[in-house]
Each structure stands twice: as C-alpha cells, then as structure tokens.
Amino acid sequence: MTARGSSGSVAPAGSRPPFRIVIAITLTGIGLAGGRGAIVASFVGVNRLGQTVGPVVAGAGLGTVGSHGVFLGGAVLAALMAAAFPFVRFRSTGTWR
C-alpha cells in the first residue's frame, strides 16, 4: 500500500516523513494559533536562504581553507546545533522529554 504526498510523490505506507516536514510541524506547535502562518513563513524563508547562500559559502570556504576546514566547520556547526536542541525543546514544551 502506498500513500500520496501533497507534492504528488508516492511513499510506502508507514514510512517516516522527511525531516523538514517534522521540523515544520514542530515549529507550528510552538506558536499561538494566530501566529502560525508567520512562523511557517519564517521557517520557509530561512530554509530557502540556507539553500541559496550555503553553496556560495561552502565554495568560498573551499577556496580559502580547503575541504578539511569546510568539513570541520560543518561538524562544529552540527555539534553546536545538536547541543542546543534540548534547550530549544525545553523552552518550547516546558519538559526535557
């Protein structure tokens, strides 16, 4: 059995949604009902900005610090985001779980 997504793609039944959709659903649950549109619009805008600027920054980094520096910078950024996640979740839900 398959399920058809909003974009018309077909995914196996019981499969997990893409991570961006999970983040969007989490973000809409944080704000008040009247401000959800602004939250989703901000998320989409920042997501598109990252898709636009990311390759340019990575290319500039490759030219200046090389591939090892770019991957190290990405690893540090990922570690910082992972370390911040529990605090953001606690702030939005009021619980550590």
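This note goes through the predicted model point by point.

1. **Basis.** The model is predicted; local features need pLDDT of at least 70, side-chain atom pairs count only at pLDDT 80 or more, and totals for chains, interfaces and linings use all residues. Numbering starts from 1 along each chain as its sequence is written, and side-chain values use heavy atoms, with hydrogens and water left out.

2. **Fold order.** The protein chain has three helices and two strands. Along the sequence the pattern reads β-β-α-α-α. Helices (H or I, at least four residues) and strands (E, at least two) are DSSP runs, numbered from the N terminus.

3. **Burial and surface.** Of the 97 residues, 3% count as buried. Buried means under 20% relative accessible area, exposed over 50%, and partly exposed in between (1.4 Å probe, protein chains only). The chain exposes about 7800 Å². Carbon and sulfur atoms supply 70% of that area. Areas come from the Shrake-Rupley method with a 1.4 Å probe; for residues, only the protein chains shown count as cover.

4. **Contacts.** Take the contacts with a separation of 6 or more: residues 24 or more positions apart account for 13% of them. A contact means heavy atoms within 4.5 Å.

5. **Helix H2, length.** H2 covers residues 36–64, which is 29 residues. At 1.5 Å a residue it should span 42 Å, and its end C-alpha atoms are 40 Å apart, so the two agree. The expected span is 1.5 Å times one less than the number of residues.

6. **Helix H2, bend and end.** H2 bends by about 35° at Val53. The bend is the angle between axes fitted to the seven residues ending there and the seven starting there. A proline, Pro55, follows within four residues. Just after H2, Gly66 takes a positive phi of about 85°.

7. **Nonpolar patch.** Leu49, Val53 and Val57 form a nonpolar surface patch, with about 260 Å² of accessible area together. Patch residues have over 30% relative accessible area and no salt bridge; like charges are joined within 9 Å, nonpolar side chains (Val, Leu, Ile, Met, Phe, Trp, Tyr) within 5 Å. A salt bridge is a side-chain nitrogen of Lys or Arg within 4 Å of a carboxyl oxygen of Asp or Glu. Leu49 lies in H2 and is exposed because its relative accessible area is 52%. Val57 is also in H2; it is exposed at 51%. An α-helix has 3.6 residues a turn, so residues three or four places apart point the same way.

8. Gly74 is in helix H3 (residues 66–93). Its relative accessibility is 39%, so Gly74 counts as partly exposed. Gly74 and Ala58 are 16 residues apart in sequence and 9.4 Å apart, C-alpha to C-alpha. Val57 and Val70 are 13 residues apart along the chain, and their C-alpha atoms are separated by 9.4 Å.
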